[in-house]
Amino acid sequence: MEEMLEVVEGKVDWKGRSAFKQKHGGTKSSLLALVTYGFDQMANFALAVNLTTYFNTVMHLELADAANQLTNYMGTCYILSIPMAVLADTCLGRVKTVIISGCLEFLALILLMIQAHYPKLKPPLCNIFDKQSHCETVGGGNAALLYVPLYALAIGNAGIKAALPPHGADQFDEKDPKEAMQISSFFNQLLLGSSLGIAASLTLVVWIQDNKGWDWGFGVSSAAILFGIVMFVAGLPLYRMHIISGSNAIVQVLQVYVAATRNRNLVLPEDPADLYEIERDKEAVMEEDFLPHRNICRFLDKAAIQQTPCRQVETPEASSPWKLCTVTQVENAKVILSMIPIFCCTVNMSLCFAQLQTFSIQQGLTMDTKLTPSFKIPPASLTIIPVFFLIIMAPIYDKILVPFARKFTGIPTGITPLQRVGVGLVLSIISMAVAALVEVKRKGVARDHNMLDATPVLQPLPISTFWLSFQFFIFGIADLFAYVGLLDFFYSEAPKALKSVSTCFLWSSMGMGYFLSTIIVKVVNSATKGITKNGGWLIGNNINRNHLNLFYWLLSILSFINFFIYIFATQKYNYRNHKPAISAIDDRR
């Protein structure tokens with residue numbers, strides 16, 4: 001019977017035996033990956049928007065410091081996806097990485113729940129908004145109990161981001177035309193599953209955090225990730241698993257940069273054909289696409305010089321991969337290098353989004369949050385606006401707008417990925433400008449009603465928190481264009497060897513944006529220390545007396561300058577193909 005089963009090349013089952021198309025993988029097993037990812041988003045995303053409040057009101061950090069702690073945490077979540085992807089591909093495998101990361105997240109959330117529950121493990125209750133009170137800031141062993149689990153959670157979250165989407169794609173055979181189409185469907189479903197998990201997090205979990213207590217909030221999050229991991233483990237006998245190769249595309253790119261540096265004193269051959277490349281007849285064995293040599297970034301070609309310092313031909317098999325690389329490796333490294341200017345210009349998007357996750361939430365705490373006479377919406381839940389917009393607009397954009405634009409442009413994707421990112425960058429400029437105008441109105445209401453020193457939540461300003469929805473809505477549109485367009489760009493332009501880790505490029509851009517937010521806040525406070533009564537635009541816990549509107553205007557101006565730099569960078573960039581390929585991935589989380 002087993003002889004009639006079709007073996008899936010390059011995949012094994014959970015016991016290391018050959019994977020069969022009729023028994024392993026497919027839509028059912030990929031569904032378990034979708035469910036796991038959705039529960040992971042449910043467990044974590046509430047922290048991404050509400051943790052500033054926890055740091056500020058429970059751990060008694062100043063508002064700017066609380067915002068910086070959140071952006072540092074978020075930046076770590078995204079940046080660590082790269083080393084976790086390397087670890088998954090070279091050592092652990094994607095399935096083990098998902099399970100270990102999920103368990104790490106569960107333990108971290110349990111520790112945070114314990115700290116939030118017991119008064120001795122956190123600072124004494126204190127009104128942080130009362131200038132006369134001297135609130136104790138978390139420190140000592142309690143600080144360790146806060147930050148160690150928090151960054152363990154970041155490591156676990158990075159592992160899920162790095163390993164789970166590629167594992168879901170592993171359930172389909174890209175060499176089978178029918179299953180190759182299902183890969184595209186899987187990533188579209190992953191975006192939907194992610195959005196549903198985020199929606200549950202921004203409504204249910206945030207409401208529990210604000211109304212039932214942070215211990216209950218962490219408890220629900222830990223239950224969500226536990227359920228997700230149990231579902232994932234239940235599918236072990238069904239999965240197709242990729243074979244651990246011992247190498248990773250990112251590592252191979254790094255080898256080129258190291259080898260080029262080590263060979264910097266060698267002379268490039270006049271004929272590029274003299275550079276090292278594996279034999280063409282090994283292509284079927286290596287399952288690797290050969291990339292032709294291009295006369296750009298020639299200094300990287302030194303990584304493929306087959307010479308020793310004594311001018312003798314070096315045996316490729318005996319050389320270190322950190323000293324001699326193939327032409328294909330070098331060309332992969334050139335592609336990554338040419339993407340860097342685009343990459344740097346998109347970091348600004350996450351810088352702007354970080355403010356919506358931090359300071360905009362604190363604005364909402366001072367405003368009227370009544371949705372009905374008996375129900376108040378948590379300000380952190382306002383971030384569900386761009387999420388709902390993504391859920392609604394993503395299929396509309398794909399099924400209606402793209403075919404319409406295609407008729408005029410002749411481009412398969414309607415507009416190029418770089419044009420799509422450009423639209424998102426323009427909208428982020430507008431979003432920050434609108435945020436500044438809304439803040440001017442909010443402060444005007446506080447001043448006109450003599451409520452500049454009102455206590456947030458307890459003494460809400462007579463202005464609806466839904467005024468903040470304008471900036472969230474505009475950024476939701478920017479999100480649809482920029483992040484998805486950026487992922488489309490990275491995926492379609494990345495060589496075959498790098499497609500499996502292309503999502504890490506996006507997450508790295510987001511991570512750097514969060515870290516840049518921390519730096520910008522500190523620089524702004526230092527630069528404005530002597531020109532404001534508070535000692536800086538964002539110093540202190542009273543947001544009514546801060547200068548958040550000026551900070552938003554600053555970000556809008558920086559985004560405007562960044563956009564023109566982006567235009568210059570895109571004019572210098574040449575697509576690898578004459579027409580951008582349609583991406584098989586439409587996921588940003």
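Modeller: Start with Val7: its bridge partner in strand E2 is Phe20. Strands here are DSSP runs of E with at least two residues, and helices are runs of H or I with at least four; both are numbered from the N terminus. Two strands count as paired if DSSP finds at least two bridges between them. E1 and E2 meet that rule with two bridges, in the antiparallel sense. Five residues lie between the strands of this hairpin, and Gly16 takes a positive phi near 85° there.

A word on the source. This is a predicted model, with residues numbered from 1 along each chain as its sequence is written. Local features need pLDDT of at least 70, side-chain atom pairs count only at pLDDT 80 or more, totals for chains, interfaces and linings use all residues, and side-chain values use heavy atoms, without hydrogens or water.

Now the other partner of E1. Strand E1 covers residues 7-12, and two bridges join it to E3 in an antiparallel run. Lys11 stands opposite His242 of E3. Together the three strands form an open antiparallel sheet in the order E2-E1-E3. The edges are E2 (18-20) and E3 (241-242), each pairing on one side only. Strands of a sheet pair through backbone hydrogen bonds, parallel or antiparallel.

Step back to the whole chain. It holds 16 helices and seven strands. Of its 589 residues, 57% are buried. Buried means under 20% relative accessible area, exposed means over 50%, and partly exposed lies in between (1.4 Å probe, protein chains only).

The largest nonpolar core has 151 residues, and Tyr54, Tyr73, Phe359 and Phe551 have the most contacts inside it. Such a core is a set of buried Ala, Val, Leu, Ile, Met, Phe, Trp, Tyr and Cys residues joined through side-chain atoms within 4.5 Å. Helix H10 (residues 327-357) gives the most to this core, with 16 residues. Another core, of eight residues, lies apart from it and includes Met84 and Cys504.

Helix H10 also carries charge. Lys334 and Glu331 meet in a salt bridge at 3.0 Å, N to O. The rule asks for a side-chain nitrogen of Lys or Arg within 4 Å of a carboxyl oxygen of Asp or Glu. Why can these two residues of H10 be about one helical turn apart? Because they are three residues apart in that helix. Lys334 and Glu331 are both buried.

Helix H13 (residues 417-448) holds Arg442 and Glu439, also three residues apart, about one turn. Their salt bridge has its closest N and O atoms 2.8 Å apart. Both residues are buried. Elsewhere, shared partners link Arg294, Arg298, Asp301, Glu331 and Lys334 into one network of salt bridges. Within it, Asp301 and Arg298 bring N and O to 2.4 Å. Asp301 is buried at 1% relative accessible area, while Arg298 is partly exposed at 28%. The count of salt bridges comes to seven.

Last, the surface. Ile557, Leu558, Phe560, Ile561, Phe564 and Ile565 make a nonpolar patch of about 560 Å². Patch residues have over 30% relative accessible area and no salt bridge; like charges are joined within 9 Å, and nonpolar side chains (Val, Leu, Ile, Met, Phe, Trp, Tyr) within 5 Å. Areas come from the Shrake-Rupley method with a 1.4 Å probe, and for residues only the protein chains shown count as cover. Leu558 sits in helix H16 (residues 548-572). Its relative accessible area is 32%, so Leu558 counts as partly exposed.
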